[in-house]
Amino acid sequence: MNLKFTKYQATGNDFILIDNRDGKIILSQQQIVQLCDRKFGIGADGLILIEPSDVAPFNVNYYNSDGSQSLCGNGSRAAVSFAASLTLLKDKTSFIAYDGLHDAELMPSGIVRLRMNDTNAVDASREDLFANTGSPHVIRFVNNIQDYPVFEEGKKVRYNDAYKPGGTNVNFVELQDNNALFVRTYERGVENETLSCGTGVTAAALAASTKGYTSPIQIKTLGGELSVTFKKGVNGEFTDIYLIGPAQKVFEGEIVLP
Ligand SMILES: N[C@@H](CCC[C@H](N)C(=O)O)C(=O)O
């Protein structure tokens, strides 16, 4: 069987997008792994099936490159852009994802503004901070981030007993001037550093608020720039969280389903 796909990148986090509105495509974990493989498949950090939903215009069914599932902020931004190409939306929309309902807006510039679900105060009970922004994220503030051993240190935290059984994504964050951050992320489910992680930069922005940073926060990643806006409540809880950044189609094609 041949599978039609479109490849997107959202600040360098790359995804295979598949229109599965008729529900005919059922992929095994092994097939997802092989489609995401950069030597034996198309190559991507994750794969997204756009599927029908009873409560929203569409469902964003996201898989990491190892076949596991969670919320993907960058993938959701790419999915909104792809859904627009399927005429599922013009500018504003909503969709269902792993953690529930999200609103989103596609700007004329191609920037996607994605509403994230409200979340609790950042957990500062350990040396590394922790926030759940739809996916679990450790946040460690570091200096000299360009030279930081993200893979080695990220792997240690990702598999640390403290975060079992699910494990965690791990963000290394350098505080910069003018309310800006530089964030590098080791991603669970990709098991490597990716060029950016949407739920990760969101968690980093919320964590930076414990250091006096205020909304809007500008975030540099290896794959481009994002911004995060939010409101912080009296008990440290976060509402009205938005992840804002570009998402672009790279190519489309057809592959023999492995
Ligand atoms: N790249 C994503 C995060 C995808 C989920 C994550 N790897 C996990 O399994 O927790 C993003 O942009 O948020």
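User: Where is Glu187 placed?
Analyst: In this predicted model, Glu187 sits in strand E11, residues 180-187.

User: Is Glu187 buried or exposed?
Analyst: Buried. Glu187 has 27 C-beta neighbours inside 10 Å, and the cut-off for buried is 20 or more.

User: Which residues does Glu187 touch?
Analyst: Leaving out residues up to four places away in sequence, Glu187 touches Asn169, Asn192, Thr194 and Cys197.

User: Where is Asn169 found, then?
Analyst: Asn169 is in strand E10, residues 169-176. Asn169 counts as buried because 26 C-beta neighbours lie inside 10 Å. Its contacts include Ser135, Pro136, His137, Glu187 and Arg188, again not counting residues up to four places away in sequence.

User: Which residues does the UniProt "binding site" annotation cover?
Analyst: The UniProt entry, which is unreviewed, lists Asn13, Asn64, Gly73, Asn74, Asn169, Glu187, Arg188, Gly198 and Thr199. They span 187 residues in sequence, yet no two of their C-alpha atoms are more than 14.4 Å apart, so they gather at one spot.

User: Switching to helix H2. How far apart are its end C-alpha atoms?
Analyst: They are 19 Å apart. H2 has 13 residues, 73-85, and at 1.5 Å a residue it should span 18 Å, so the two values agree.

User: How many residues of H2 are buried?
Analyst: Eleven of the 13, so H2 is largely enclosed by the rest of the structure. Among them are Gly73, Asn74, Arg77 and Phe82.

User: What follows H2?
Analyst: Thr87 follows H2, and its phi is positive, near 60°.

Note on methods:
Residues are numbered from 1 along each chain as its sequence is written. This is a predicted model: local features need pLDDT of at least 70, side-chain atom pairs count only at pLDDT 80 or more; totals for chains, interfaces and linings use all residues. Helices (H or I, at least four residues) and strands (E, at least two) are DSSP runs, numbered from the N terminus. The expected span of a helix is 1.5 Å times one less than its number of residues. A residue is buried if 20 or more other C-beta atoms lie within 10 Å of its own, exposed if 12 or fewer, and partly exposed in between; C-beta atoms are placed from the backbone. UniProt positions are given in the numbering used here, feature names are shortened, and annotations may be inferred rather than shown by experiment. Two residues are in contact if their C-beta atoms, placed from the backbone, lie within 7 Å.
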